[in-house]
Amino acid sequence: MADLLIKCMAVLTMDSEGDIINHGEIAVRDNLIYHVGPSGSTPADFKPERVLDYPRMVAMPGLVNCHTHAAMTLFRGYADDLPLMQWLNDKIWPLEALLIPEDIFQGTLLCCAEMIRGGTTTLADMYVEMDQVARAVDEAGLRAVLCRGMIGAGPDGESALAESVEFIQKWHCSAGGRITTMLGPHAPYTCPPVYLKQVIAAAKEMGVGIHIHLAETVDEVKEISDQYGKTPVALMEEVGLFELPVLAAHCVHLSDTDIDILARRQVGIAHNPQSNMKLASGVAPVSRLLHSGALVGLGTDGAASNNNVDMLEEMRTAALLQKLHTCDTSVLPAYQALHMATAGGARALGMQEQIGRLVSGLKADIILLDMHQPHLYPLFDIYAQIVYAAASSDVHTVLVDGRVVMENRRILTLDEDVVMAEAQRCADALVQRSNS
Ligand SMILES: CSC[C@H]1O[C@@H](n2cnc3c(O)ncnc32)[C@H](O)[C@@H]1O
Ligand SMILES: [Zn+2]
């Protein structure tokens, strides 16, 4: 790939609070950040073949979406205003049973287009037919941590695990390293301990982590407590899940002991405030988790429970929700919210040495925000402006792994008109199948 130099109004490295380089520049060589510093500081022997000179833009790390189900964009607006188990049992799972591989490919492509437009460069995804998801992510040029979601309690538990193993063997560290994999037991209420132990053994053998939904609703905590006499988090600790790197989505209903376990075990937590609000699941104790040293990143969950995959919006919601919930305006200030969506998310995925910060040696996953717009003036505090005032439409240019995937709001890796038309075609056919 050609050497590239980005010059901009400011670089937010997200390496530490206040690490803002005014009139900054970023040198990109191959897929890596070669140098970051003030204007003119790049070593003279770096001769860029392209210069992106954007004096009114802020450069920051690409956003990290720590929990989603990308293909669920096909279900956007299909089932709203229901609580989790009714939503899953009555609406989503019956429709998912009718999905064909093509639906999942097209739904994921649609999600990737939306993500690129909103500045997301990495997603952690759990779904089925993961070959299709991986193909779409590869084509879009995004970075992803993918897992085949497994419902262990049903007749398909064994085949789901076998499929997962095959998927990992085929796709782990593929697409030039942009795609990595995990094992994805869906949740404690769909994967009993005996199944989880099989999953843990497979994960240890293959050297991959685990992605799971955990402590999402009061109903889940009640069901698991009634059945096993302990909280979902305590049950996971007992079965040995936390001996592995774990990414736990939601973590809404936690006891003090649960928080201690999650922090001590350095479990990555994907906080999904909009999905939790929409499904009326509750409010995750994010500020308590952060105080205890837990690793918290941000996710959107699927577009069927959000109903978009807009990480800038998610960041703002996270900050506002914690303030409202704790009646404390000082909770989750702008820098911390931005950190959760970048460096903190990378840490939750165990990828802190690869992504999430703009420092030399890390992957060149970079976004440029156009600050020259009425809703972003006047400018006092860049972090606050991005978290409280910016929108996904302000994302101007996106690089993933050193490659420009969107420039001046034109996606270069996908034909968006075709992607949208194909998604509509698949969604129409799916709903028609469900009515026949
Ligand atoms: C078996 S693949 C993943 C599985 O998870 C379902 N899902 C989507 N959102 C949620 C959520 O918030 N909690 C639990 N499960 C969820 C999705 O529909 C797939 O079936
Ligand atoms: Zn989910």
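## The zinc site and its surroundings

At 5% relative accessibility, aspartate 301 counts as buried (under 20% relative accessible area; over 50% is exposed and in between is partly exposed, with a 1.4 Å probe and protein chains only). This is a predicted model, where local features need pLDDT of at least 70 and side-chain atom pairs count only at pLDDT 80 or more, while totals for chains, interfaces and linings use all residues. Residues are numbered from 1 along each chain as its sequence is written, chains are lettered from A and ligands numbered from 1 in the order in which they are written, and side-chain values use heavy atoms, with hydrogens and water left out.

Let's start with the metal. The zinc ion (ligand 2) has His67 (NE2), His69 (NE2), His213 (NE2) and Asp301 (OD) as its protein donors, 2.0 to 2.3 Å away; donors here are N, O and S atoms within 2.8 Å of the metal (3.2 Å for Na, K and Ca), and with water not among the atoms, sites may look incomplete. Along the chain the donors are spaced H-x1-H-x143-H-x87-D. Histidine 67 in strand E5 (residues 63-68) and aspartate 301 in the loop between strand E12 (295-298) and helix H11 (311-326) are 234 residues apart, so this pair links distant parts of the chain (helices, at least four residues, and strands, at least two, are DSSP runs numbered from the N terminus).

UniProt, in an unreviewed entry, lists His67, His69, His213 and Asp301 under "binding site"; such annotations may be inferred rather than shown by experiment. They are spread over 235 residues of sequence yet cluster in space, with a largest C-alpha distance of 11.8 Å.

| Residue | Relative accessibility | Class |
|---|---|---|
| Histidine 67 | 0% | buried |
| Histidine 213 | 5% | buried |
| Aspartate 301 | 5% | buried |

Now the side chains around the metal. Histidine 69 makes a side-chain polar contact with histidine 67 at 3.3 Å, and another joins histidine 69 and histidine 213, also at 3.3 Å. A polar contact is a pair of N or O atoms within 3.5 Å; within protein, one must be able to donate a hydrogen and the other to accept it, and residues adjacent in sequence count only if both atoms are side-chain atoms. Aspartate 301 has its own side-chain polar contact of 3.3 Å, with histidine 250. Setting aside residues up to four places away in sequence, aspartate 301 also touches Glu216, Asn272 and Ser275, among others (contact means heavy atoms within 4.5 Å).
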